[in-house]
Amino acid sequence: MDIDLFVQYGPMLLRGLLNTVLCWIVGAAGGIALGFVIAVAMYYGPRPLRYVLRGYIEVIRGTPFLIQLFILYYGGPNIGLRLDPVPAGILGLIIYGSPYYAEIFRAGLQAVPRGMIEAGRAMAMSEGKILRRITLPILMVSSVPPLTNFSIILTKETAILSIVTVPELLYQVQTMSAETFAYMEAMFALALFYWGFVEVISWAGRKLEHKTNAFLSKELSA
Amino acid sequence: MTSENASSVEITALGKYYNNFHALKNINLSIPAGKVTCLIGPSGSGKSTLLRCINFLEEYQEGAVEIDGQVIGLEAVGGRKMSARRLREMRRSIGMVFQQFNLWPHMTAQQNVAEALVQVQGLSKAEAARKAVAALEKVGLGDKTESFPNRLSGGQQQRVAIARAVAMEPKLMLFDEPTSALDPELVGEVLTVIKDLASEGMTMVIVTHEMGFAAHVADQVAFLEAGELVSCAPPAEIFRNPSDARIKAFLETYHARNQF
Ligand SMILES: Nc1ncnc2c1ncn2[C@@H]1O[C@H](COP(=O)(O)OP(=O)(O)OP(=O)(O)O)[C@@H](O)[C@H]1O
Ligand SMILES: [Mg+2]
């Protein structure tokens, strides 16, 4: 293995890692936000809206990210949506992740014990205050583990952004191996970076989980 | 009769359906202000349903529940549903304690009690916290104010739930089997708290399977079976000299179960 290669290509690989992290952070955060809005709209919204959102979830979940991204980037200009690679990649990740996040929140909403909401009603709290002060906090806590889990899965989906020429990690690594024919070194670097990245996220997820579980009974987090 | 700090409840021709299932049939019951009414009866007879109609957690289809002469949940007897705001206004003077406590798990004991004081009564956080601590001290939990519910025993959780309801200074308290989720050795501490509250002159409606407690604390005992109110009478009459064969049968099973 040629260590000099890493010195030479180090800055480029680091830029790739940075892009991967950036796309992931914005993509996951956006996916969580969109998923949350979808879940709340499905739970409290009128029936026609629920059907539309259910359709969205089924279509996005039922198709590969690769194809969604392809359509978004190469098909987008046909409907006037002309995006640079990085914004396209981020938007793609948001769209791709949103139905999974929405399902996490939907299941979490359904799992909020009815009695806790009834206690709020019996205490004369308004539905809005019950949602804000009781339902959502309980939902957030029970959702941390599955949110972390799917966000980890999403890190690896970022590799697909290379097909629309986002200079993320895989793209940079491919460039490096094409220029140097050092396939082993390239793959080794790639695996190492992803592994480190995922470890950091799961560590953060565990921290968050630990913090939120301090007050949560076992039944709820199960 | 209406007094300063206790409500009266008048239930007339109340009918409740769950889809096609007739859960409450033509219930007529007067709950006088400042008195303790216990609801007893076999499982599935409609005790919880009746209790939950009183604060309109359950909607009813026939008749009415009136609190201090005002129909709850509906604009008028047989009328449209009342606005959410007016329903909340009425609920402010009704406290409820649930079988499963239903404490909010993300709040400490003190926060559980203070929550509605801030959100509903509009007290300042400091004022609400002070009131919450006082309410918790009253139920013997002055040392648990900072504990989260999952760090408390069942009996302690139920006492927090009682403090949460009582801190709102309700004129009517509803209890749905407050001790039946508790281990036997914890039942006493909760019943003692309820008995103390009863002596303060608040109107109370208590669904219970603790016949000894009902006999001791109730001013009147209502017996339900299969959605019907069979009888409502002073405890001495219900327990010593039941007029109805169904009550006799119920009490016999109860005594048989409690002898070993
Ligand atoms: N949400 C509901 N949907 C349909 N049926 C219901 C519902 N809640 C209660 N019932 C039915 O109504 C009847 C009365 O129920 P309720 O809970 O009031 O009984 P209960 O007297 O409180 O019984 P227990 O002593 O077991 O608590 C039962 O037959 C029950 O199956
Ligand atoms: Mg019941």
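The model is predicted, so local features are taken at pLDDT of at least 70 and side-chain atom pairs at pLDDT 80 or more, while totals for chains, interfaces and linings use all residues; side-chain values use heavy atoms, with hydrogens and water left out. Residues are numbered from 1 along each chain as its sequence is written, and chains are lettered from A in the order in which they are written.

Start with confidence. The predictor assigns the complex an ipTM of 0.92 and a pTM of 0.84. Within chain B, helix 1 (residues 47–54) has the highest confidence, at a mean of 97. Helix 9 (residues 245–257) of chain B has the lowest, at 84. Where pLDDT is low, the predicted coordinates should not be read in detail.

Next, the overall build. Chain B holds nine helices and 10 strands. Helices (H or I, at least four residues) and strands (E, at least two) are DSSP runs, numbered from the N terminus. The radius of gyration of chain B, taken over C-alpha atoms, is 18 Å, close to the 18 Å of the globule rule for 260 residues, so chain B is as compact as a globular protein of that length. That rule is 2.2 Å times the number of residues to the power 0.38. The C-alpha trace of chain B spans about 55 × 50 × 35 Å along its principal axes. Of the 260 residues of chain B, 53% are buried. Buried means under 20% relative accessible area, exposed over 50%, and partly exposed in between (1.4 Å probe, protein chains only). Take contacts (heavy atoms within 4.5 Å) in chain B with a separation of 6 or more: residues 24 or more positions apart account for 64% of them.

Now the open sheet. Its four strands in chain B follow the order 2-1-4-5, with antiparallel pairing. Strand 2 (21–31) and strand 5 (70–71) of chain B are the edges, and each pairs on one side only. Two strands pair if DSSP finds at least two bridges between them. Strand 1 (residues 9–18) and strand 2 of chain B share seven bridges in the antiparallel sense. Across that pairing, L14(B) stands opposite I27(B). The loop between strands 1 and 2 of chain B contains N19(B). N19(B) has a phi near 50°, a positive value in a residue other than glycine. At 77% relative accessibility, N19(B) is exposed. Most residues other than glycine have a negative phi.

Helix 1 of chain B lies across strand 1, strand 2 and strand 4 (62–67) of chain B. The helix runs at about 120° to strand 1 of chain B. Axes here are lines fitted to C-alpha atoms, for helices over the stretch in contact, and angles run from 0 to 180 degrees between N-to-C directions.

What holds the most contacts inside the largest nonpolar core? I11(B), I54(B), Y60(B) and V65(B) do, in a core of 101 residues. A nonpolar core is a set of buried Ala, Val, Leu, Ile, Met, Phe, Trp, Tyr and Cys residues joined through side-chain atoms within 4.5 Å. Helix 6 (residues 184–198) of chain B gives the largest share of this core, eight residues. Leaving out residues up to four places away in sequence, I54(B) touches V9(B), I11(B), I31(B), V65(B), I67(B), I72(B), I94(B), L172(B), L174(B) and V205(B). A second, separate core has 28 residues, including A28(A) and I201(A).

Strand 3 (residues 36–40) of chain B is mostly covered, with five of its five residues buried. V36(B), C38(B) and I40(B) point one way, T37(B) and L39(B) the other. Strand 3 of chain B runs parallel to strand 8 (residues 203–207) of chain B, joined by four bridges. There L39(B) has V207(B) as its bridge partner. Four bridges also join strand 3 to strand 9 (residues 220–225) of chain B, again in parallel. I40(B) is partnered with F223(B).

Finish with helix 3 (109–119) of chain B. Nine of its 11 residues are buried. Their cover includes helix 6 (127–157) of chain A, together with helix 4 and helix 5 of chain B. F101(B) sits in the loop between strand 6 (94–97) and helix 3 of chain B. F101(B) is buried, at 8% relative accessible area, and has a positive phi of about 65°.

Note on methods:
pLDDT is the predictor's confidence in each residue, from 0 to 100.
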